[in-house]
Each structure stands twice: as C-alpha cells, then as structure tokens.
Amino acid sequence: MVLRFRTLKTQSLSKKQQCLSLLNSCRSMDQLRQIQAQVHVSGLYQDTRVLSELVYFCSLSPSKNLRHARSFVHHAATPSPISWNILIRGYAASDSPLEAFWVFRKMRERGAMPNKLTFPFLLKSCAVASALFEGKQVHADAVKCGLDSDVYVGNNLINFYGCCKKIVDARKVFGEMPERTVVSWNSVMTACVESLWLGDGIGYFFRMWGCGFEPDETSMVLLLSACAELGYLSLGRWVHSQLVLRGMVLSVQLGTALVDMYGKSGALGYARDVFERMENRNVWTWSAMILGLAQHGFGEEALELFAIMNNNNNDNRDIRPNYVTYLGVLCACSHAGMVDEGYQYFHDMECVHGIKPLMTHYGAMVDVLGRAGRLEEAYEFIQSMPIEPDPVVWRTLLSACTVHDVHDHTGIGERVSKKLLLKEPRRGGNLVIVANMYAEVGMWEEAANVRRVMRDGGMKKVAGESCVDLGGSMHRFFAGYDPCPDLVPVYHLLDGLNLHLKMVN
DNA sequence: GTAGGGTTAG
C-alpha cells in the first residue's frame, strides 16, 4: 500500500492533521518511511507534535526500531520532553534498558527539562538492569528537579531500590513519601518479599490495612508468596478465607499464588483442590503444582502432572513448559531417584523446548545424580558444564558426598571440597560440611585442621533455622537453642524416629 | 488545541 496525503478522504484537513492521521494508522516500518518522505516534503519535520508521533511509532509499536527513534530525537532541533520520554519508555521495555539512562544524559546535555513522567520509566530501566550506580544519579536528579515527591516517581524509586536489593533505601523512600497509594504499599512489600525479608513484608500488609487502604489483588498475591516462602500455612489459609469473604475473583495470578502457598506448605490436598477448581491456568499454575508435589516426595505424581500438561487433549493446548516447570520436573526426578529420566528431561528442555539451562537447572541435575549416589558422574557433569559452576552447585555435590562417600575412599569428597573452598574459602558453612565429612570417616586430624582454619580465620557458620507454624504463630528454632523447659520427651521421640528410619532402610 | 505513567507468580 502506498500512502499519500491525497488518498485520505479528509481533504479539508490541514497537512499536519493528515500527517498525524497517517501516522496513527501506520502499521509497518515501510509505511513509516513513506510517511517520513511526505513529512520532509511538506516541511513538517521540525513540528514537535509530528516528531513525537514518529518517535512513538518507532519506540512503542510492535514493529519498533529504537535506533530509528533515537536518530529522530537526536536530529530534531528542539525535541519536546514528550519525545524524550517516549524514547526512554521504549528503551525501558527493550533488551538494553540501560540505554534509557544514556538517552536521559543526552537529554540533560541538551538542556531539556525532565518532567514527572520522565522518571518512572527511567527508574524502571535502572531497576530491570539492577543498575544501582545509574539509578542513584537518577534519584539525585529527581530530587534536584523537585519531582521525587510525585507518587509515581516514589513508587518507582521503591521498585528500583528493591530490584537492587537495597531494602533499607527502598523503605526509606517509602517512609518519606508525602503521599501513598496501594501501589506504594505493594511496592515496598514486593521489595521485602523478593529479598526474603518476609516478616517485614507481612508487617507492611497489616500496616497498610490499619491505615485504611484496601488490599488489592497484588497485595494478596504478595502476602501469599511470603506465606509460601515461610510455610506459614495458617496465615495463608486466612488469606484464602479473606479472598472468599471479599468475593474476590480467583484470577490466574491469585489462584497460582494459592497453589504455590499450599504446595510449599505441604498442604498438597488443598493445593490440588484449588488447582482443580481454577477455570484458567497458565504455565505458572502448572509449575507451582508440579513443584509442590516434587518437593514433598510425590515425584511420580509430579511427572504425571507434567505429562498431562503437555498432553494436547487437555484444555491447555497453548501451555508450554518454561524454566520453572523444568525445575519442578528435575526436582521430581531427584526425589524419585529417576536418573535416566532426569537426563532425558534435561535434554528435552533445551532440544525440544528451546530452554537454555540456567545455573539452578545444572544444580538440580547434580542433585539428581548426587542423591542417587552417582558421585563421579555428577563430578564429570559439573566439569562438562558450559558455564562456570557456582558454589551452590559444588555444595550440592559435597552434601551428596557426605551421605554416599562415607565408607568409600575414592576421595571424591576431598576433590569436591577443594573445588568449593577455592571458590568460597570464607564461608563457614562449607568448612563445617568438610570437617564433618572427615570426622565421619574417622580422619580426626584433618577434621581438627579444618576446625582450626575456621577458628583462626574468625569464620562462623550462620546458624540454620527452622520455622514451625504452631497454633497460628511462627516459632523459630536453631540448633543448640534451648527455649523449651522440658526437652527430654522431644529427644525420646527423635530417637524413636531415627530407630524407625534405620529399620525401614 | 496537544500527546504518555506504577506494583504481582519457583
């Protein structure tokens, strides 16, 4: 289709209006080039409104071309703030979000004044890029422009600091906001929950409620994900009851959050119940259910569900597994001892579904091999990884070594511990595993050496902690921590359990 | 005469 101004019925409209109308109906870069030629001919090239529409198409339409948009703005004599903002917004959603920051620098160099709509997308770019250094400069600029009091700017500042794991700063911004909306509360909750400051996240929910804000769906999803992470079943059930009481529609997100919470808390019956009742499910819903089953020892059921998900006869024709689904699948294999299947799924993940394995997938596969006692194979698997294994991967194998290598003197435990300590020499927890491994096989001198290294280096293991939900409140337990007045029956029970386990094995 | 905005899933 060739576009010309005179093809329009609206002959009476001005050249400029015709041009804007054409831009409005523009669908491809080819059409845009034709319009661009017309713009040149009619001398509308420096019109700020026309320019912003050109930039809008190149930055935000499905056939966008950001370099094109950028060149429009850079070559314009005086681009309006709107053009700059649209360009920044385009980069925020692109694969190279930090370019937004450089556009902003250029904008400032050329003396354009940012307005309150400049900062949200700019901060969003810094947030997705986790660019703390750049984001702080933006924050400072927002303060200089007196725009940091805008509620949208504030919400994005919270989100930015949250994404950079600067929770104290996120909370500081929140605390100093002159005006807040539900989104502000949700943003600060997100920051806490994402960084596993779960109690604080839950606290913000109830403070929000106390301040008279109505929690929305996002608030509920966030609260549920904090419950899921803590295994705080009683609070999770309370949230569920609130959803029913308020007559909130069980959206895919809310339903998934419930399935996730029940699944992680081990209440698989409830998880399954919500899952079955949901009208719409997406890949996250299925993944949450699969992972819940896998993590609680129902490996075969998890894999069965995965097969159903992939079965085209079901209502989920468009649901394709993603990286989270495969974490659940591999977790199922390791808990069910299915090594060959694990290899097969790991292979299919990339070759059939095009999902490039992440570090966690390699770790999960090491867990599959390690739990099955195939330690050498796991070691070779790590050596053959195309990415540099992180300490977690080595620690997974080392833990497997302490279980399986105790009476076997192949020395794989030693090799693995060397690899791990090379990467993370100062983490006390690593040395504790190594010392225990030596002690287990009676290599007392070596064990003592490791302990001495720890002591001399001032290294301590961060105490492992367990939470138990009792009568609706969370109780935290540490090893060696002794708040209970009468532990004797507890130890008797534990002894009994250990005996039972040994007899079963 | 004038255009555009935020938070959420292992």
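Colleague: Which residues does UniProt list for "repeat: PPR"?

Modeller: The unreviewed entry gives 80-114 and 282-316; such annotations may be inferred rather than shown by experiment. Bear in mind that this is a predicted model, where local features need pLDDT of at least 70 and side-chain atom pairs count only at pLDDT 80 or more. Residues are numbered from 1 along each chain as its sequence is written.

Colleague: How much of residues 80-114 is helix, and how much strand?

Modeller: That span is 66% helix and 0% strand, with its end C-alpha atoms 10 Å apart. Helices here are DSSP runs (H or I) of at least four residues, and strands (E) of at least two.

Colleague: Why is Gly266 called partly exposed?

Modeller: Its relative accessible area is 35%. Buried means under 20% and exposed over 50%, with a 1.4 Å probe and protein chains only, so a value in between is partly exposed. Gly266 sits in the loop between helix H15 (252-264) and helix H16 (268-277).

Colleague: What makes H16 roughly antiparallel to H17?

Modeller: H16 and H17 (residues 283-295) pack at about 160°, axes 11 Å apart. Angles over 145 degrees count as roughly antiparallel, so H16 is roughly antiparallel to H17.

Terms used. Chains lettered and ligands numbered in written order. Heavy atoms only, no water. Axes fitted to C-alpha atoms, helices over the stretch in contact; angles between N-to-C directions. Parallel < 35°, antiparallel > 145°, perpendicular 65-115°, else oblique.
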